[in-house]
Amino acid sequence: MEFLSDEWYLAANSALKGLDVGDVNIVLAHVSELQSHYIVVADGTASVEREAHHADVTLRQPSDTAEAIREGSLSALTAIQEGLITVEGDIACLMAAKPALDAVDRALSSLSK
């Protein structure tokens, strides 16, 4: 299944259905030169959307970096440390949302297998 295809969005949101994300509220934008998507965690639910939202945090990265992270050959932390990902916005909000975003990542990781 192609990443960010209609089929992927359906599968991603199905995987996120019923996920316990607590009382976290954050919109995280993933932006590359080719595509963007938004992880929305609000009101106890999580979803992945393609429509633009006002993001609390934006991660800007080249497409090859995003692909390497998705494939697991590069960690997001390493990419940030090496300057391959630019982080913009409310870092405190991002850190507070880490457990919920980790749960989202685990749920979505099954889609790349």
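Just after helix α1, Gly18 takes a positive phi of about 80 degrees. This residue belongs to a predicted model of a chain with five helices and five strands. Along the sequence these elements follow the pattern α-β-β-β-β-α-α-β-α-α. The radius of gyration is 13 Å, close to the 13 Å that the globule rule gives for 113 residues, so the chain is as compact as a globular protein of that length.

**Overall dimensions and burial**

- Taken along the principal axes, the C-alpha atoms fill a box of roughly 35 × 35 × 25 Å.
- Of the 113 residues, 41% count as buried.
- Among contacts with a separation of 6 or more, 63% are accounted for by residues 24 or more positions apart.

**Helix α1**

- Trp8, Tyr9, Ala12 and Leu16 are the buried residues of α1. They cover an arc of only 100 degrees around the axis, which puts them on the same side of the helix.
- Asp6, Leu10 and Ser14 are exposed on the other side of α1.
- The cover over the buried residues of α1 includes β2, β3 and α5.

- Six bridges pair β1 with β2 in the antiparallel sense, and the two strands form a hairpin with four residues between them. In this pairing, Ile26 stands opposite Val41 of β2.
- β2 and β3 also run antiparallel, joined by five bridges. Ile39 has Val48 in β3 as its bridge partner.
- The hairpin of β2 and β3 has two residues between the strands, and Asp43 takes a positive phi near 55 degrees there.
- Five of the seven residues of β2 are buried, so this strand is largely enclosed by the rest of the structure.

**Helix α5**

- Helix α5 comprises twelve residues, 98-109; at 1.5 Å a residue it should span 16 Å, and its end C-alpha atoms are 16 Å apart, which agrees.
- Ala100, Leu101, Ala103, Val104, Ala107 and Leu108 are buried in α5. Seen down the helix axis, the buried residues fall within an arc of 155 degrees, so they line one face of α5.
- Pro99 and Arg106 are exposed on the face of α5 turned away from its buried side.
- The packing partners of the buried α5 residues are α1 (6-16), β1 (26-31), β2 (36-42), β3 (45-49) and α4 (91-96).

- In soluble globular proteins, nonpolar side chains tend to be buried together.
- The largest nonpolar core has 29 residues, of which Trp8, Ile26, Val41, Val48, Leu101 and Val104 touch the most other members. At least two residues of this core come from each of α1, β1, β2, β3, β4 (57-60), α4 and α5. The element that gives the most to this core is α5, with five residues.
- Val104 is in contact with Leu16, Leu19, Val21, Ile39, Val41 and Ala46, leaving aside its neighbours within four places in sequence.
- A second, separate core has six residues, including Val31, Tyr38, Val40 and Ala55.

Technical notes:
Residues numbered from 1 in each chain as written. Predicted model: local features only at pLDDT ≥ 70, side-chain atom pairs only at ≥ 80, totals over all residues. Heavy atoms only, no water. Expected span 1.5 Å × (residues − 1). Buried < 20%, exposed > 50% of the residue type's maximum accessible area, 1.4 Å probe, protein only. Arc of directions from axis to C-beta. Contact = heavy atoms within 4.5 Å. Pairing = 2+ DSSP bridges. Core = buried A, V, L, I, M, F, W, Y, C linked by side-chain atoms within 4.5 Å. Rg over C-alpha atoms; globule rule 2.2 N^0.38 Å.
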